[in-house]
Amino acid sequence: MASKNSTTKGRILLVDDDPGLLRLLSIRLRAEEYDVEAVESAEKALAVVNRFQPDLVITDLRMDKMDGIGLLKELQSRSPGLRVVIVTAHGTIPDAVTATQSGAFGFLTKPIDKDELMSAVERAMKISGSPMADVEDNWCEEIITRNPKLKEILAQAKMVAATDARVLINGESGTGKELLAQAIHRASPRRNKPFVAINCSAMAENLLESELFGHEKGAFTGATRSHKGLFQSAEGGTLLLDEIGDMPMRLQVKLLRVLQENQVRPVGSTEAIQVDVRIISATHRDLQDMMREGRFREDLYYRLNVVNINLPELDARREDIPLLVSHFLQQLAADGDTDRKVYAPEAVELLVTAEWPGNIRQLYNVVRQNVALSRSPVISGELVQTSLGEHAGKLASFSEARDEFTRNYLSQILQITGGNVSQAARLAKRNRTDFYKLLARHELNPDAFKVR
């Protein structure tokens, strides 16, 4: 991820096919201590947005190929929460109003007044997740990574955090969904209010209902006193509904009503209580499959899934394993469980190449077990091998990965050509004899691909 210069107020990406206007706006904004990048088309803007990571985009409405509204929609898809200001001529103000309704932060008219420009920029920066929003740099310090994909996800999460948009986090068990939810809360304007989490699969339906919405004294057997639910406990802050896919259908209906009305009605009460809570949901299940099967409400899904974030499995970010291991060792030593220990090089290699169906949680448990069982300050490869069992050494070698790619590539070409070897060889840009040798080496029979 690009690092922001601490002396600047934030990053602004300017997009306009008028070089003169780009120069003028750049000069004005840089004079106010903003970091500015200026490009002359929407296509160039999309090419630099991941590298530059702007807090705000100011774009002209009328441009060739892709116009400002097209750029707005593409940015909404790639970077939800990123603020976009549309620049228009007087005759296109109705279009700008439409763009604003579609999600643009606002619009400016040409010729651009300096005071109006700075006012719009300052308003956008206050809720953009920029340095002006006073978000501490350690908002995501517990998420250890150097993986480019996860860094992009964190950049997206920080922008979304500045809004009140509901977030649905998808990811396998142990990938760090709750850590990400906590990070979003810390980067949000609600960070000084409570963060409350509940696992929707961890308790019976009646108990879950009471925990979420509260209950009145005498509402059911055993209700000897009134109980304030988690929606009220999280007032002004963030409520994480973990494993939302396991919520019973009856409670899905009640949750939908809360999201629509911003009110909760405790069990046994006839009075509704107003609540102000930001909702983040998380699940390892495929909610779209569950909707098709009638096990998850479609209307609730679209209420929760305003912004969707998919966390990668640990197997997809193996470069992070040595960093995570080092972090866990330091953490265990700091907790006083043991003296600081280290892994032998061959032990680290085993960890990096292992299969991790339980993801980061499983890795942590293995490290903790190794620390507890190692009699030496240096954890051996033999001890790691024993801990991993059947999950050891699942990463394919370079030769195996190359052979698998080649086999899949040849199969795809044969499927496209219906088993015609001459045509397939031309597509692969290989002579027919060499192509036959490749097929034989990878045990592929062209006849199996011929249309019958």
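## Basis of the model

The structure is a predicted model, in which local features need pLDDT of at least 70 and side-chain atom pairs count only at pLDDT 80 or more, while totals for chains, interfaces and linings use all residues. Residues are numbered from 1 along each chain as its sequence is written, and side-chain values use heavy atoms, with hydrogens and water left out.

## The annotated aspartate

Asp-60 is found in strand E3; helices (H or I, at least four residues) and strands (E, at least two) are DSSP runs numbered from the N terminus.

Asp-60 has 4% relative accessibility and counts as buried (buried is under 20% relative accessible area, exposed over 50%, partly exposed in between, with a 1.4 Å probe and protein chains only). Leaving aside residues up to four places away in sequence, Asp-60 touches Val-15, Asp-16, Asp-17, Gly-68, Val-87 and Lys-110; contact means heavy atoms within 4.5 Å.

## Backbone exceptions

Most residues other than glycine have a negative phi, and most peptide bonds are trans. Lys-110, a contact of Asp-60, is joined to Pro-111 by a cis peptide bond with omega of about -10 degrees. Pro-111 lies in the loop between strand E5 (106–109) and helix H5 (114–126).

Lys-65 has a positive phi, near 60 degrees, and lies in the loop between strand E3 (56–60) and helix H3 (68–78). Lys-65 is exposed, with a relative accessible area of 83%. Asn-262 also has a positive phi, of about 55 degrees, in the loop between helix H10 (249–261) and strand E9 (263–264). At 37% relative accessibility, Asn-262 is partly exposed.

## Nonpolar cores

A nonpolar core is a set of buried Ala, Val, Leu, Ile, Met, Phe, Trp, Tyr and Cys residues joined through side-chain atoms within 4.5 Å. The largest has 30 residues, and those with the most contacts inside it are Leu-212, Phe-231, Leu-239, Leu-241, Ile-244 and Phe-296. Elements that each supply at least two residues of this core include strand E7 (195–199), helix H8 (205–213) and strand E8 (238–242). Helix H10 gives the most, with five residues.

Beyond residues up to four places away in sequence, the contacts of Ile-244 include Leu-168, Cys-200, Leu-255, Leu-287, Phe-296 and Leu-304. Another core, of 24 residues, lies apart from the largest one, and among its members are Leu-314, Ala-344, Trp-356 and Val-384.
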